[in-house]
Amino acid sequence: METITGAGARRAVLAAQGFAEARPLGPVSRRHLGRLIERLRLLQLDSVNVAVRAHYMPVFSRLGAYPRALLDGAAWAHSARQPRLLVEYWAHEACLLPVRDWPLLHSGAKRQGWWRHYRELAEREPGLIEDVLAAVKEVGPVGAGTLEEMLGRTPSGPRAGSWWNRSDIKRTCEYLFGTGQLTTGTRVNFQRLYDLPERVLPPEVLAAPPIDTGDAARGLVANSAAALGVATEPELRDYYRLGPQTCRDAIRELVDAGQLEPVEVRGWNRAAYRQPGARMPRKITTRALLCPFDPLIWERARTERIFDFRYRIEIYTPAERREHGYYVFPFLLDDALVGRVDLKADRVDRVLRVPGAFAEPGGASPLARVAVELADELRLMASWLELDDVVVGERGDLIAPLARALATRPAISAS
């Protein structure tokens, strides 16, 4: 078993996640996006929109400013000239994933998610299942609210329509989504509009023969290994939320087949795995703001072990107890996480607000360089989001150097 250093493993992880390559010099194309999706395999969806929705940000972090309509078209539109690249399903969480991975996730290899709790409703009211499917077939893509009106099942009461008071129609839609009988046809203002898979997925994907559960598990673990670079068994499992034994069996079989190799990483207390020939650059030169749901950092224990960076999202923490802010982006500079930036896109005043910015103690990069690189990245992000300026607040030891850097750096155009 080969032994590698923690620094080497970190560079391999960053390379696998797309940070060892320079951003495109010209406009970002559908080809660039397709290559990135093949590398990451998953873009997590999340409803928080305080800065930018989560699925858009990992693409910006790696490719720079790109038209968000490019991702929208890949995820929620289809034409003969530009077939759909992505489909929604529960993978790590709710995610966009390559359409060809749909059979892998519906093979039985992935353990069922929370929608299994709605099975009792489906069994109790089979007629409702039939009615929802028939209504979606007639008018889809369609939202749950419209289906409630069509089927005469509109909820009432003070909490009607809230997430915690989901109607039977919404529960049925989510159950059918979880079991693959419905998927997302498109989204409008981030609302999921349900449609039949046969109207969303390419015919060749729907016509593909069922995949053996073991083959599917090995395929998902291989995807995880390629995306993660170097990873432990729990991390390979977490990428698609596989069951423990399913993942362990798949790893063993991939190792036996020579498609995965165990490695020892100095400073790690668990065995790790990588694909043979996985890239391990001697140096990483990059910079990126990472949203809380970026696949590089979404597994917090892994982030702490690889980058010595303890990270927690504080959305649900009372304001007076937040350490760094409401929606905090780690800042990657070369191969280190060197700071944390609380961000808010103020669309009324057309500015990107930075209420707080904090340098990591003992960072390898001088504070002045961190501030300059961060200033440039914030200006680029503001331009990408069609905002006019970056406005800093008062919290954190990086705020003053950042303000000085912003004052002396020219504006950056996303075009």
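**View A. T286 in the loop between strand 9 (272-274) and strand 10 (287-289)****.** T286 sits in the loop that runs between these two strands, where strands are DSSP runs of E with at least two residues and helices are DSSP runs of H or I with at least four, both numbered from the N terminus. The model is a predicted one, in which local features need pLDDT of at least 70 and side-chain atom pairs count only at pLDDT 80 or more, while totals for chains, interfaces and linings use all residues. Residues are numbered from 1 along each chain as its sequence is written, and side-chain values use heavy atoms, with hydrogens and water left out. With a relative accessible area of 15%, T286 is buried (buried means under 20% relative accessible area, exposed over 50%, and partly exposed in between, with a 1.4 Å probe and protein chains only). Leaving aside residues up to four places away in sequence, T286 touches F19, L332, L333 and D334, contact being heavy atoms within 4.5 Å.

**View B. A357 in strand 13 (residues 351-359)****.** A357 has a relative accessibility of 0% and therefore counts as buried. Residues up to four places away in sequence not being counted, A357 touches R340, V341, R395, G396, D397, L398, I399 and L402. F293 is 64 residues from A357 along the chain, and the C-alpha atoms of the two are separated by 19 Å.

View C. The buried residues of helix 7 are L128, I129, V132, A135 and V136. Seen down the helix axis, these buried residues fall within an arc of 135°, so they line one face of helix 7; the arc is that of the directions from the helix axis to the C-beta atoms. An α-helix has 3.6 residues a turn, so residues three or four places apart point the same way. The buried residues of helix 7 pack against helix 6 (119-124), helix 8 (144-150), helix 9 (168-178) and strand 6 (191-195), whereas E130, K137 and E138, on the other side of helix 7, are exposed.

**View D. Helix 11 (residues 213-228) packing with helix 12 (residues 233-240)****.** The two helices pack at an angle of about 110°, with their axes 9 Å apart, and helix 11 and helix 12 are therefore roughly perpendicular to each other (a term for angles of 65 to 115 degrees). In this contact, L220, V221, N223, S224, A225, A227 and L228 of helix 11 meet E235, L236, Y239 and Y240 of helix 12.

Notes
Axes fitted to C-alpha atoms, helices over the stretch in contact; angles between N-to-C directions. Parallel < 35°, antiparallel > 145°, perpendicular 65-115°, else oblique.
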